[in-house]
Amino acid sequence: MTERKGNGMQWEINRREVRRYLGYGNKEPDEAVNDMVEDCICQLKEAVVPKAVYQVFPLKQGDADWLDLTAFCVQSKNLARNLRGCGEVILFAATLGIQADQLIARLSKRKMSQAVVMQAVAAAAIEAYCDSWQAQLKELFQKKGNYLRPRFSPGYGDFPLEFQVPFLQALECPKKIGLTVTDSLLLAPSKSVTAVMGISCQDEKCPIQGCEACEKADCQFRR
């Protein structure tokens, strides 16, 4: 199992993703909003110390889209399609930490508009951090002749959120990176991600990521 804090990881927040979370789509915000975004990015980067942990597990694929990921078994058509041809999986978890939630809470008491922007910045930040990790893992496994599939998280498609519980237990997330799950199956701290990444000897072209892997076509934040 590998655990690491984010100080040495190079990750850059995508301003386009921030605008998407704010609901602008392809439209350009005005100067005041852009200035607020830049201010929130600076505040967030000074406040948070992101952490991540991952572990490789054997994968067995059965009939009727049943998957044995060693840490748990699940029946999921969407995840089975994502992992087709894989013999191992990476269970991965990352968090910006409680500092991001505390920052948003403080801003909510002072200026709600700035808190809304910070929410969007933090959402883009955790995705950027995960993207950086995935790029590093991709390079690591390619040296071994293997390739990674795109991240697939509980809650995507028909992969139930209830699997957050065994997921976090398998990685010892509460102990390793301070990540827990609430009774309503939400991650805490809130700006956190869990994801499965398949390991395959076959190079998959045009990998599906994020919104493209999700079947919720009516989501207001969809790319």
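This is a predicted model: local features need pLDDT of at least 70, side-chain atom pairs count only at pLDDT 80 or more; totals for chains, interfaces and linings use all residues.

Colleague: Which side chain does glutamate 38 meet in a salt bridge?

Modeller: That would be arginine 15, with 2.8 Å from N to O. The pair ties together distant parts of the chain, since arginine 15 sits in helix α1 and glutamate 38 in helix α2, 23 residues apart.

Colleague: Nice. How many salt bridges are there in the structure?

Modeller: The structure has six. One of them joins glutamate 12 and lysine 45, whose closest N and O atoms are 3.6 Å apart.

Colleague: And where in the chain are glutamate 12 and lysine 45?

Modeller: Glutamate 12 is in the loop between β1 (2–5) and α1 (15–21), while lysine 45 is in helix α2. They are 33 residues apart, so this pair also links distant parts of the chain.

Colleague: What about exposure: how do glutamate 12 and lysine 45 come out?

Modeller: Glutamate 12 is exposed, because its relative accessible area of 52% is over the 50% cut-off. Lysine 45 has 35% and is partly exposed.

Colleague: Let's switch to helix α1. Which residue does arginine 20 pair with?

Modeller: Arginine 20 forms a salt bridge with glutamate 17, and the closest N and O atoms are 2.8 Å apart. Both residues lie in helix α1, three residues apart, which is about one turn of the helix.

Colleague: Are arginine 20 and glutamate 17 buried or exposed?

Modeller: Both count as buried, because arginine 20 has 10% relative accessibility and glutamate 17 has 13%, and buried means under 20%.

Colleague: Last topic: which residues gather in the patch of negative charge?

Modeller: Asp30, Glu31, Asp35 and Asp39 come together in that patch, on the surface. Take aspartate 35 as an example: it lies in helix α2, which covers residues 31–47.

Colleague: Why does aspartate 35 count as partly exposed?

Modeller: Because its relative accessible area is 47%, and that falls between the 20% and 50% limits.

Definitions and conventions
Residues are numbered from 1 along each chain as its sequence is written. Side-chain values use heavy atoms; hydrogens and water are left out. Patches are made of residues with over 30% relative accessible area and no salt bridge: like charges are joined within 9 Å, nonpolar side chains (Val, Leu, Ile, Met, Phe, Trp, Tyr) within 5 Å. Accessible areas come from the Shrake-Rupley method with a 1.4 Å probe; for residues, only the protein chains shown count as cover. A salt bridge is a side-chain nitrogen of Lys or Arg within 4 Å of a carboxyl oxygen of Asp or Glu. Lys and Arg count as positive and Asp and Glu as negative; His and the chain ends are not counted. The place of a charge is taken as NZ of Lys, CZ of Arg, CG of Asp or CD of Glu. Helices (H or I, at least four residues) and strands (E, at least two) are DSSP runs, numbered from the N terminus. Buried means under 20% relative accessible area, exposed over 50%, partly exposed in between (1.4 Å probe, protein chains only).
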